[in-house]
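Me: I'd like to learn how to read domains and contacts in a model. Can you walk me through one?

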Amino acid sequence: MRNRTLTRRVSAVLLAATALFTSASAASADEAPTEAGTAFRTAVAIPPGKKATADASTGDYLYWQFPAGAGQQATAKATVTLPEASARHGAATWQLDVFDGLRRRQACASGEPTQRASQQDATVTLTCTLRTVRAWSERWSNDPLPGAYYIRLTVVDAADQDLGLPVKAEVEADAKDAGGAQAGGGELGAPLHAAAVSEPEDGWNGSWFTDRWAWTVGGAVLGALAAVGGYVLTRHPRRR
Amino acid sequence: MIITKRLAAGACALLAALAGGIAPAHAADGPPKDSPKVELVLDVSGSMRATDVDGQSRMSAAQQAFNEVIDAVPDGVRLGIRTLGATYPGDDKEIGCRDSKNLYPVGQVDRTEAKTAVATLRPTGWTPIGYALRGADQDLGTDGGTRRVVLITDGEDSCGKPDPCDVARELAAKGTHLTIDTLGLVQDDKTREQLTCIAEATGGTYTTVRHRKELSGRIKQLVKRADTPVETPKPTQGTAECATAPELGAGIWTDREQFAEHRWYKVKVKPGQELRASAGVGADRAVDRDYGVLVRAVSEGGQELVRGSDAGSGRTDVMAAGLRYPVFKAKKDDKEARTVCLEVSNSFSAPPSVKRDPGLPVELAVDVVKGPDNPSDLAAFGLGRGWVLLAVLGVTGLLAGLLWGWLARWRVAVWREN
């Protein structure tokens with residue numbers, strides 16, 4: 001028992017130390033990343049507003065991650081610079097997949113996450129706009145929740161001879177406010193797997209202010225005015 | 001200004017102290033035990049004489065690239081070099097297929113020594129890739145830290161046995177986190193297939209190299225990749241039913257699962273906590289076109305609590321699914337932890353020619369966070385929005401005003417009459 005507490009303490013200290021350490025290295029690496037991860041575990045975090053680049057080979061699975069908070073609509077955009085046309089043997093299909101912090105596949109509400117590049121194309125651009133991130137959802141649902149989102153970029157269909165050829169990838173992810181119509185209630189205990197990414201400006205749960213305040217307060221004032229108006233109407237002018 | 005400088009200096013000192021504390025002085029007593037290790041495995045077979053890399057021979061291109069890489073090795077990385085087919089020029093397959101030696105032991109790099117060793121290499125013998133990979137695995141040892149092999153070759157294995165792809169999968173299944181990246185100096189189908197297979201089996205990458213610049217650039221990138229800190233998964237072994245399943249804590253776990261096999265694990269979750277689990281099943285070999293993965297949280301009584309699943313088709317590295325399961329307090333001071341069983345199953349299949357053993361790699365990420373699952377109202381703070389809301393409030397106000405006014409008039413009238 002005692003031993004266990006000790007181990008726990010030691011590991012806590014170690015954890016704190018690593019946290020300090022990684023945050024320190026993350027601070028110095030606050031510039032745009034020039035690498036991509038090769039698995040969920042090694043996904044490279046993209047700081048907000050930065051464009052991540054990576055040199056890779058056709059056929060690699062490239063992973064990045066970015067943060068999104070409640071009430072935001074996140075868009076991931078990737079541009080792949082293909083190998084020179086003379087080296088390629090045919091068309092290739094590229095795909096951008098987005099997963100949430102629990103590695104659940106997320107639907108693209110709009111955008112073109114799959115594109116077929118013909119042999120002449122020099123670049124291919126993929127986009128994926130997620131559904132609006134909810135502050136809370138039922139546990140059975142697959143709704144997007146606050147936390148990290150993984151991007152996976154890869155070629156899903158290409159001539160076998162083209163696998164291994166060098167490509168360049170550029171990825172950016174931005175999250176914009178979806179407005180008061182989408183402002184939801186509720187709260188998660190903690191954002192999904194958000195250790196490696198930075199918290200959005202308005203916090204994971206979004207800003208407390210939404211235009212719902214304006215509508216509701218405006219409605220209350222209108223109601224009060226209407227009440228006064230109604231009261232005045234009933235007083236006969238002659239009797240005043 | 002001065003204050004900022006002082007602060008910065010203080011922060012630097014603190015950081016340095018921290019760095020010193022965590023990773024004790026590299027220079028003095030070698031890199032720490034858990035620093036990443038990379039072994040470059042270079043093919044020195046006879047065919048490396050061919051001059052088709054920017055007008056140079058493959059061998060000299062590789063040597064030049066190695067020099068650049070050795071110069072650029074990050075301080076924390078332990079680097080080793082192994083050759084294959086470097087010493088035996090004869091025709092005896094038996095000897096030629098055991099021709100692989102450790103040219104430079106894995107450790108802190110002495111740049112001059114390593115370069116001298118590389119400079120002596122001349123294209124010579126056979127291409128025993130499988131044999132060399134086993135050697136590389138041994139060179140890297142098992143004392144923690146990420147382990148990476150970068151294989152540079154210009155042709156398929158000329159020995160046949162052991163099949164390098166099987167060797168790669170066998171090494172990956174040992175649970176020692178070995179990644180093999182492959183670089184091919186030629187573009188024929190057989191080499192590419194074999195190198196892709198080796199990379200796929202270990203979660204590595206395959207690159208075709210046509211120019212020397214690409215070669216050195218890619219090797220440098222791979223060496224640097226080894227240096228990126230990453231959480232090392234712990235091995236576990238799921239069982240066929242929940243009762244006997246291993247108990248997992250928060251962290252990343254790896255296991256292997258056969259085609260269509262179900263594996264169970266369990267996690268203890270206290271009331272007021274939320275279980276978060278993701279499971280990924282990797283496709284580390286040729287699989288049939290359609291596949292899927294299912295992860296279920298099941299109560300001890302066998303009732304399904306929640307599930308996550310994903311399915312797909314075509315080329316993939318991994319299929320992942322996740323779930324979250326909050327546990328509520330049954331009564332006020334409910335502190336008893338519940339056991340939640342996790343079942344991971346897959347619907348991968350493979351053509352009959354593909355080996356079944358070892359199973360597909362499974363990665364489980366388990367986290368238990370403190371957290372109320374707090375639904376509140378669907379809208380933020382229960383506030384309203386829109387014209388209908390305004391109309392409702394306005395009309396209600398108006399009606400209230402009218403009613404109040406009439407009441408007041410009626411009261412005045414009654415008062416006057418009396």
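Reply: Start with domains: their bounds come from an automatic or database domain assignment. In chain B, the assignment gives domain 1 (20-226) and domain 2 (234-370). This is a predicted model: local features need pLDDT of at least 70, side-chain atom pairs count only at pLDDT 80 or more, and totals for chains, interfaces and linings use all residues. Residues are numbered from 1 along each chain as its sequence is written, with chains lettered from A and ligands numbered from 1 in the order in which they are written.

Me: How many residues of domain 1 of chain B are in contact with domain 2 of chain B?

Reply: Two residues are in contact if their C-beta atoms, placed from the backbone, lie within 7 Å. Here eight residues of domain 1 of chain B meet eight of domain 2 of chain B. The centres of these two domains, over C-alpha atoms, are 35 Å apart.

Me: Which elements give two or more residues to the domain 1 side in chain B?

Reply: Elements are DSSP runs, numbered from the N terminus: helices (H or I, at least four residues) and strands (E, at least two). On that side they are helix 7 (164-173) and helix 8 (189-202) of chain B. Helix 7 of chain B gives the largest share, four residues.

Me: And between chains, how many residues of chain A are in contact with chain B?

Reply: 63 residues of chain A touch 70 of chain B. Among the elements giving two or more residues on the chain A side are helix 1 (2-28) and helix 2 (211-234) of chain A. Helix 2 of chain A gives the most, 20 residues.
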